[in-house]
Amino acid sequence: MIQSIIKRDGRVVLYDQNKIAAAILRSLEVSGDGDAADAARVANDVQSDLERRFPAEAPNIEAIQDTVERQLMNHGFNAAAKAYILYRANRTRAREANTALMKTIDEITNIDARISDMKRDNANIDGNTAMGSMLQIGSAGAKAYNEIYLLRPEHAKAYREGDIHIHDFDFYSLTTTCCQIDILKLFHGGFSTGHGYLREPNSIQSYAALAAIAIQSNQNDQHGGQSIPNFDYGMAEGVAKTYRKAFTRRLKDAVEDYLDLADEESAVRAIVAKAEAQTGETARLETGKAFAAAIAAGLKAQYDLNETLSHKLITRASIRAYKKTDRDTMQAMEGFVHNLNTMHSRAGAQTPFSSINYGTDTSPEGRMVIRNILLALDAGLGHGETCIFPIHIFKVKEGVNYNPEDPNYDLFRLSCKVSAKRLFPNYTFLDSPFNLQYYVPGRPETEVATMGCRTRVMGNVYDPTRQIAYSRGNLSFTSINLPRLAIESKGDEKLFYEKLQHMLELTAQQLLDRFEIQANKHIYNYPFLMGQGVWLDSDTLTLKDDLREVLKHGTMSIGFIGLAETLTALYGSHHGESEELQKKGLEIIGFMRDYCDRKSQEMRMNFTLLGTPAEGLSGRFIRMDQKRFGKIKGVTDREYYTNSFHIPVWYPISVYDKIRLEAPYHALCNAGHISYVELDGDTARNVEAFEAVVRCMHDCGVGYGSINHPVDRDPVCGYVGIIGDVCPRCGRREGEEIAPERVEELRRMYPEMPAFQGIE
Amino acid sequence: MTAKSKNEKLGQGVGFERIRRITGYLVGTMDKWNDAKRAEERDRVKHSLSNNA
């Protein structure tokens with residue numbers, strides 16, 4: 001007679017046959033093999049079996065489970081036995097995950113981020129801070145739960161073993177990736193952050209401050225980055241409001257000064273109000289003739305001034321108002337950049353991933369914004385540090401800013417000069433055919449905008465009337481380990497494509513599973529993103545509605561990494577080495593894109609192909625593949641797989657060839673793409689050369705590109721530029737001290753030098 | 001420690017900051033990069049402007 005059993009942790013508890021019967025019944029029900037009476041019979045036999053095997057001592061859990069499996073099979077319940085084994089395996093996995101989770105938390109708690117690679121998985125989270133660690137612990141717990149409870153077993157296996165990578169897996173059940181915030185729509189009528197209501201802003205300073213708050217608020221509703229697609233168009237309204245107020249004030253000053261009067265505020269206000277009512281215009285950076293004439297008439301009526309004098313006062317007021325507005329705009333842009341580099345989100349552990357797109361607004365106000373944001377970027381932070389956020393993206397368009405005769409060409413030139421110093425802006429090219437197809441002049445929402453990382457959302461299979469950049473974003477993305485499929489195919493191209501097809505299907509299914517979770521959320525789960533109408537059509541929802549339909553404006557993306565290693569594994573060399581291999585590369589990526597397009601049509605949802613950013617992934621996949629396959633030359637013999645479709649970073653190639661070879665992949669990767677080239681510092685600082693590279697990208701049909709060059713800084717003397725072993729300004733080597741006399745001397749030569757901590 | 005002796009140590013143990021593009025965005029300095037991305041950055045070669053561009 002079995003009295004007691006030994007649990008896994010060693011505790012002895014009373015034997016309970018009902019528990020065994022219940023577990024057996026579950027398996028019988030899952031498999032459709034039998035009912036409660038069958039379960040009772042099997043449970044009885046389990047007991048007899050155990051009594052035979054354990055006449056004296058108490059059996060342990062493992063032995064009992066072995067017995068259940070055996071007896072299910074003895075009774076011919078083979079499907080139920082299989083279900084029971086799967087159940088056992090899942091439970092085992094859950095237990096192991098618990099142990100692994102505790103170990104992970106232990107590492108997060110006790111190990112310095114400088115030593116722990118895991119804690120540096122995302123370079124913008126500080127894993128050494130209290131809030132950063134809390135975030136990482138929560139993330140580890142969520143991942144463990146999601147894997148066991150939310151993924152289908154085949155998806156969990158593919159994810160665990162590195163066939164695929166489910167990005168932002170910790171947020172799997174919680175939210176979506178990112179959004180392009182239409183800042184104008186948000187500001188009109190004011191908005192609520194969830195912590196307080198903000199009135200519609202009335203000056204460029206408050207436009208810029210609220211733009212930063214919008215990015216911060218939305219970041220708390222999503223796990224990815226936040227972007228403003230219309231930074232120039234959006235801030236231009238703020239500039240216009242500031243100028244309008246400044247003009248009235250400066251006109252009042254001019255009248256008071258010239259006529260030697262004390263307080264003409266209400267009289268001048270009345271003149272301006274009357275002119276606005278008459279003409280339907282306001283004072284603008286380029287004030288209209290009708291408006292100026294109306295003001296002149298008002299001045300004549302009020303002060304009996306002749307026309308020449310009236311216009312003189314108006315001109316003086318205009319010039320002064322312009323100066324004031326320009327100054328305010330510069331300060332607003334500096335404040336915006338400072339805010340985005342210092343404000344915290346996600347419990348203080350991270351600065352928001354923020355991007356701003358601009359370059360195409362040709363209004364005087366928009367141009368003032370573009371010029372000043374570039375100058376603020378150029379100036380850097382308080383000690384001249386290069387700003388990490390926001391990511392600046394300059395939109396290049398023929399007829400707007402690309403050719404010398406274009407209205408914003410001067411700003412494009414300025415952007416090159418700034419990027420040559422600060423690495424930003426990056427460039428997006430609206431003339432590339434896959435972008436130009438959406439472009440409608442006069443409708444900025446049809447200009448492609450990108451998340452700084454590269455994610456882009458434009459086409460819309462769900463609603464072809466809304467193929468716009470604004471108010472949309474990515475829902476989720478999962479990347480395929482392309483090199484592994486190639487290694488496993490052992491040079492068999494047909495087998496490779498079969499494997500790839502299978503993996504695409506598996507990934508699409510996993511994205512759809514995740515969409516089901518996302519679709520069942522409500523606007524109250526995302527008080528800013530959905531509650532404030534930031535996401536397209538979310539302002540049509542009531543509290544009862546789920547998000548299914550509005551989320552269909554977003555994209556589900558299938559990503560990939562390591563095209564170069566994939567080609568090398570399959571064919572012996574990569575696409576930088578021959579035109580033949582370039583063709584093979586385009587076939588593989590074209591195959592993936594075709595799959596996404598077909599799936600989009602089939603589901604009437606947006607499946608897109610992504611050249612994955614893969615900051616954390618570059619090492620994860622290859623480490624697993626090295627364990628599995630060893631070091632294969634040109635494939636697994638480095639510490640990282642090559643990013644997306646890039647030519648390997650170590651492969652010598654000219655700027656022109658790199659851009660020419662990578663450009664066709666931009667057309668295929670409709671979820672996002674980027675190409676960058678590495679210039680040495682001297683070349684990068686040559687603005688002509690820099691612009692020539694950007695023009696090359698434009699002419700080759702690149703979608704999104706940037707130019708890398710070394711940006712070093714000596715925090716002691718504040719020098720920004722290229723530093724080899726020795727700082728060119730103060731002459732010290734890394735870690736060396738410099739004499740106080742030398743500091744004083746440098747300070748006289750470079751007044752902007754930082755007051756280094758500890759100096760005073 | 002007096003202000004003067006602090007002055008004498010200015011710069012001691014202070015490294016240079018090196019900012020690089022990681023995947024499209026930048027990060028503060030490279031000490032926060034993960035091992036794989038550090039290796040990738042180390043391997044990057046400059047691209048020449050010769051032939052065409």
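Predicted model: local features only at pLDDT ≥ 70, side-chain atom pairs only at ≥ 80, totals over all residues.
1. Overall build of chain A. Chain A has 760 residues, and 48% of them are buried. Its secondary structure amounts to 25 helices and 17 strands. Along the principal axes, the C-alpha trace of chain A extends over about 120 × 60 × 60 Å. Of the contacts in chain A with a separation of 6 or more, 70% are between residues 24 or more positions apart.

2. Domains of chain A. The domain assignment divides chain A into domain 1 (4-87), domain 2 (152-176 + 455-673), domain 3 (178-386) and domain 4 (712-749). Domain 2 is given as two segments, 152-176 and 455-673. Taken over C-alpha atoms, the centres of domain 3 and domain 4 of chain A are 39 Å apart.

3. Chain B. Chain B has 53 residues, of which 38% are buried. Two helices and one strand make up its secondary structure. Along the sequence, these elements follow the pattern α-β-α.

4. The contact between the chains. Chain A contributes 64 residues to the contact, and chain B contributes 44 residues. On the side of chain A that touches chain B, the elements giving two or more residues are the helices α21 (617-629), α22 (655-668), α24 (687-700) and α25 (740-749), together with the strands β14 (675-678), β15 (704-708) and β16 (711-713). Which of these elements gives the most to that side of chain A? The answer is α24(A), with four residues.

5. Helix α9 of chain A. Helix α9 covers residues 231-259 of chain A, 29 residues in total. From its first C-alpha to its last, α9(A) reaches 42 Å, close to the 42 Å expected at 1.5 Å a residue. Is α9(A) largely enclosed or largely open? Because 21 of its 29 residues are buried, α9(A) is largely enclosed by the rest of the structure. The residue that follows α9(A) is A:Asp260, which has a positive phi, near 55°.

6. The pair α3 and α4 of chain A. Helix α3 (residues 61-74) and helix α4 (residues 78-110) of chain A pack with their axes 8 Å apart, at an angle of about 160°. Angles over 145 degrees count as roughly antiparallel, so α3(A) is roughly antiparallel to α4(A). The crossing of α3(A) past α4(A) is left-handed. From α3(A), the residues A:Gln65, A:Val68, A:Glu69, A:Leu72 and A:Met73 take part; they meet A:Asn78, A:Ala80, A:Ala81, A:Tyr84, A:Ile85 and A:Arg88 of α4(A). As background, an α-helix has 3.6 residues a turn, so residues three or four places apart point the same way.

7. The pair α17 and α20 of chain A. Helix α17 (residues 493-519) and helix α20 (residues 579-603) of chain A pack at about 40°, and their axes are 11 Å apart. That angle makes α17(A) oblique to α20(A). The two helices cross in a right-handed sense. In this contact, A:Tyr497, A:Leu500, A:Leu504 and A:Ala508 of α17(A) meet A:Phe591, A:Met592, A:Tyr595 and A:Lys599 of α20(A).

8. Cis peptide bonds. Most residues other than glycine have a negative phi, and most peptide bonds are trans. The bond from A:Phe389 to A:Pro390 is cis, with omega near -5°. A:Pro390 is placed in the loop between α13 (364-379) and β9 (391-396) of chain A. A cis peptide bond also joins A:Phe424 and A:Pro425, with omega of about 0°. A:Pro425 is located in the loop between α14 (409-422) and β10 (426-429) of chain A.

9. Positive phi at A:Asp168. A:Asp168, a residue other than glycine, has a positive phi near 50°. Its place is the loop between β3 (164-166) and β4 (179-180) of chain A. With 18 other C-beta atoms within 10 Å, A:Asp168 is partly exposed.

10. Positive phi at A:Ser644. A:Ser644 is not a glycine, yet its phi is positive, about 35°. A:Ser644 sits in the loop between α21 and α22 of chain A. Is A:Ser644 buried or exposed? A residue counts as buried if 20 or more other C-beta atoms lie within 10 Å of its own; A:Ser644 has 28 such atoms and is therefore buried.

Definitions and conventions
Residues numbered from 1 in each chain as written. Chains lettered and ligands numbered in written order. Expected span 1.5 Å × (residues − 1). Buried ≥ 20, exposed ≤ 12 C-beta atoms within 10 Å, placed from the backbone. Domains from an automatic or database assignment. Axes fitted to C-alpha atoms, helices over the stretch in contact; angles between N-to-C directions. Parallel < 35°, antiparallel > 145°, perpendicular 65-115°, else oblique. Left-handed = near helix turned anticlockwise from the far one by under 90°. Contact = placed C-beta atoms within 7 Å.
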